[in-house]
Amino acid sequence: MNFGKVAVLLGGKSAERKISLMSGNGVLKALRAKGVDAHPFDPAQRELAELKREGFARCFVALHGRGGEDGTLQGALEYLGIPYTGSGVLASALALDKVRSKRLWAAEGLPTAEHVLLHEKISFPAVAKRLGMPLFVKPASEGSSVGMTKVRAAGGLKKAYKLAARHDAVVIAEKFIDGPELTGAILGERVLPLIRIETPREFYDYQAKYFADDTRYLIPSGLPKKKENQLQALCLKAFHALGCQGWGRVDLMLDRRGRPYLLEINTSPGMTGHSLVPMAARAVGLSYADLCIRILELAHVG
Ligand SMILES: Nc1ncnc2c1ncn2[C@@H]1O[C@H](COP(=O)(O)OP(=O)(O)O)[C@@H](O)[C@H]1O
Ligand SMILES: [Mg+2]
């Protein structure tokens with residue numbers, strides 16, 4: 001397939017800028033190695049309108065977080081009429097917002113952990129009582145575990161709220177899910193083998209995600225085949241419930257009894273050499289470069 005001149009969008013202004021630079025540079029290198037006329041483009045340094053003026057025919061979105069993964073960039077690309085990878089405007093915006101994602105899943109009968117919206121005047125002891133301990137506090141629209149706390153005692157809830165509130169006006173407390181953590185990469189209509197994530201740390205936090213060498217990734221996940229298939233089907237339903245397209249990654253956890261709970265969907269997941277989607281792709285014989293090409297093929301506009 002001849003893609004024409006391709007812009008790899010990377011960097012950006014979000015808290016995940018650094019990760020995006022790693023993702024984007026990996027993608028850029030891989031696309032070039034496959035003979036694609038690919039160029040880096042950092043929206044933090046240049047105006048998006050230049051994409052049109054410079055004759056880019058397609059964009060590979062390797063931005064993470066706000067301004068890149070939240071629908072705003074997607075809207076701009078729609079306006080410019082340039083096909084781009086991944087989910088569209090609405091699905092991107094919904095997926096970056098954990099509260100709206102959870103509401104939609106609940107409306108579709110899909111499982112997600114119980115949560116409470118926090119605010120300055122809420123009764124923190126009442127929230128602690130309702131959700132139990134420990135619990136998770138998170139900004140509704142961040143990624144990479146930024147601003148997130150695992151709260152172990154009711155007394156720590158307010159402090160955790162204040163930390164999360166520095167990152168987002170909307171903060172939630174979520175019931176703690178005590179079982180294994182999994183992630184399901186989606187490519188087109190296909191759910192790749194699930195990856196089971198294990199960390200000796202408090203949870204899969206920023207360090208565990210990008211720097212720790214004691215995070216373990218199990219693929220195959222070790223789940224019985226039937227369970228794996230059921231969870232893969234759940235991932236695809238969760239993806240469709242938000243209207244996601246192209247590719248993405250569904251984060252979920254199981255409780256002690258093996259019941260699943262959806263955490264969130266990443267519509268522009270990490271694409272560094274150590275990232276999870278490339279890892280899942282490798283497990284089905286798809287190289288990093290082939291994965292990049294496949295994602296680019298699925299680019300769309302409207
Ligand atoms: N309700 C929960 N119970 C237990 N662990 C959780 C819960 N929510 C999040 N976590 C942990 O925090 C990590 C990040 O949470 P997630 O909702 O995926 O946000 P992010 O957008 O930062 O990746 C998860 O990968 C998991 O390890
Ligand atoms: Mg996550």
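In the predicted model, aspartate 255 and arginine 259 are joined through their side chains by a salt bridge, with an N to O distance of 2.9 Å. The two partners fall into separate accessibility classes. Aspartate 255 has a relative accessible area of 10% and is therefore buried, the limit for that class being under 20%. Arginine 259, at 37%, is partly exposed.

A salt bridge is also found between the side chains of arginine 201 and aspartate 205, where N and O lie 3.0 Å apart. Here the relative accessibility of arginine 201 is 35%, which places this residue in the partly exposed class. Aspartate 205 is buried, with a value of 15%.

Arginine 66 and aspartate 168 form a further salt bridge, in which the closest N and O atoms are separated by 3.5 Å. This pair connects distant parts of the chain, the two residues being 102 residues apart. Arginine 66 is located in the loop between strand E3 (58-61) and helix H3 (72-80), whereas aspartate 168 belongs to the loop between helix H7 (157-165) and strand E7 (171-175). The relative accessible area of arginine 66 is 36%, and the residue is classed as partly exposed. For aspartate 168 the corresponding value is 11%, so the residue counts as buried.

Beyond these pairs, a network of salt bridges links Arg46, Glu50 and Glu54. Over the whole structure, the search returns 20 salt bridges.

Terms used. Residues numbered from 1 in each chain as written. Chains lettered and ligands numbered in written order. Predicted model: local features only at pLDDT ≥ 70, side-chain atom pairs only at ≥ 80, totals over all residues. Heavy atoms only, no water. Salt bridge = Lys/Arg side-chain N within 4 Å of Asp/Glu carboxyl O. Helix = DSSP H or I, 4+ residues; strand = E, 2+ residues; numbered from the N terminus. Buried < 20%, exposed > 50% of the residue type's maximum accessible area, 1.4 Å probe, protein only.
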